Amino acid sequence: MTLIIRQMQENDITFVQEIARISWHYTYEGIIPHDIQDRFIQQAYSRERLIERLINSPFLVAIFDERLVGFANFSNVTQGEAELYAIYLHPDMHGKGIGTALLQEGLRMLPNLSSLFVCVEKENKLGMHFYQAKGFVSIEEFDEQFDGHLLKTVKLVKQYEKV
């Protein structure tokens, strides 16, 4: 059982798209209608958008037993702050430390980080539990229009000491 966390490569795109689709449907079942999820995934995880994200920001993939099972995408650090845009795993991989490994490797790649922000849908209990267990704290809640669907979003932050 080997776990490898590395920078995404262009030939990983199809696998990232598949993980995004599977994990979104799993995570947001009963929270966001499937048609809205599918439209978002088609746009946000199009080949062009993924290449753009790969070039412009830290984008990591998790390979477990030679199979791509998850990914994480971070913003670059600006004035000590960065955002975790996405961290998704195949549902079969939850609870194996892979999300934690993706987060830790992402942090290692973000120099001079003092605050990491993440926005989570309030009803995404799995995500909320994960971030709170990692020391993130809620700083704001707001309503957000997501393709005509109202979401309750929670913004969390974790502070880091600069090394």
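Author: Contact here means heavy atoms within 4.5 Å. The model is a predicted one. With that cut-off, the buried residues of helix 4 (residues 98–108) pack against strand 1 (3–7), strand 2 (59–64), strand 3 (67–74), strand 4 (81–89), strand 5 (115–121) and helix 5 (125–133).

Reader: Which residues of helix 4 are the buried ones?

Author: The buried residues of helix 4 are Ile 98, Gly 99, Ala 101, Leu 102, Leu 103, Glu 105 and Gly 106.

Reader: Why is His 90 called buried?

Author: Buried means under 20% relative accessible area. His 90 has a relative accessible area of 15%, and therefore counts as buried. His 90 is found in the loop between strand 4 and helix 4. Leaving aside residues up to four places away in sequence, His 90 touches Ile 19, Ile 22, Arg 67 and Val 69.

Reader: Why is the pair of Trp 24 and Tyr 28 called tilted?

Author: Ring planes under 30 degrees apart count as stacked, those over 60 as edge-to-face, and the rest as tilted. The planes of Trp 24 and Tyr 28 stand at 50°, so the pair is tilted. Their centres are 4.5 Å apart, and rings pair if their centres lie within 6.5 Å. Trp 24 is buried, with a relative accessible area of 6%, and Tyr 28 is buried too, at 8%.

Reader: What makes the pair of Phe 59 and Phe 71 stacked?

Author: The angle between the planes of Phe 59 and Phe 71 is 20°, and under 30 degrees counts as stacked. Phe 59 lies in strand 2 and Phe 71 in strand 3, so the pair ties together parts that are 12 residues apart in sequence. Both residues, Phe 59 and Phe 71, are buried. Ring pairs link Trp 24, Tyr 28, Phe 40, Tyr 45, Phe 59, Phe 71, Tyr 88 and Phe 146 into a cluster.

Reader: Which residues have the most contacts inside the largest nonpolar core?

Author: In this core of 25 residues, they are Leu 84 and Leu 116. Strand 4 gives the most to the core, with four residues. A second, separate core has 24 residues, including Leu 50, Leu 54, Leu 68 and Phe 71.

Reader: Which element gives the most to the lining of the largest pocket?

Author: Strand 4 does, with seven residues. The volume of the largest pocket is about 1200 Å³. Of the 46 lining residues, the closest to the centre are Tyr 28, Tyr 85, Ala 86, Ile 87 and Tyr 88.

Methods: Residues are numbered from 1 along each chain as its sequence is written. This is a predicted model: local features need pLDDT of at least 70, side-chain atom pairs count only at pLDDT 80 or more; totals for chains, interfaces and linings use all residues. Side-chain values use heavy atoms; hydrogens and water are left out. Buried means under 20% relative accessible area, exposed over 50%, partly exposed in between (1.4 Å probe, protein chains only). Helices (H or I, at least four residues) and strands (E, at least two) are DSSP runs, numbered from the N terminus. A nonpolar core is a set of buried Ala, Val, Leu, Ile, Met, Phe, Trp, Tyr and Cys residues joined through side-chain atoms within 4.5 Å. On a 1 Å grid over the protein atoms alone, a cavity is a set of points where a 1.4 Å probe fits but cannot get out, and a pocket is an open set with protein on both sides within 12 Å along at least five of seven lines; lining residues have an atom within 4 Å of a point. Grid points are joined across faces, edges and corners, and a volume is the space filled by probe spheres set on the points. Rings of Phe, Tyr and Trp (its six-membered ring) pair if their centres lie within 6.5 Å; planes under 30 degrees apart count as stacked, over 60 as edge-to-face and the rest as tilted.
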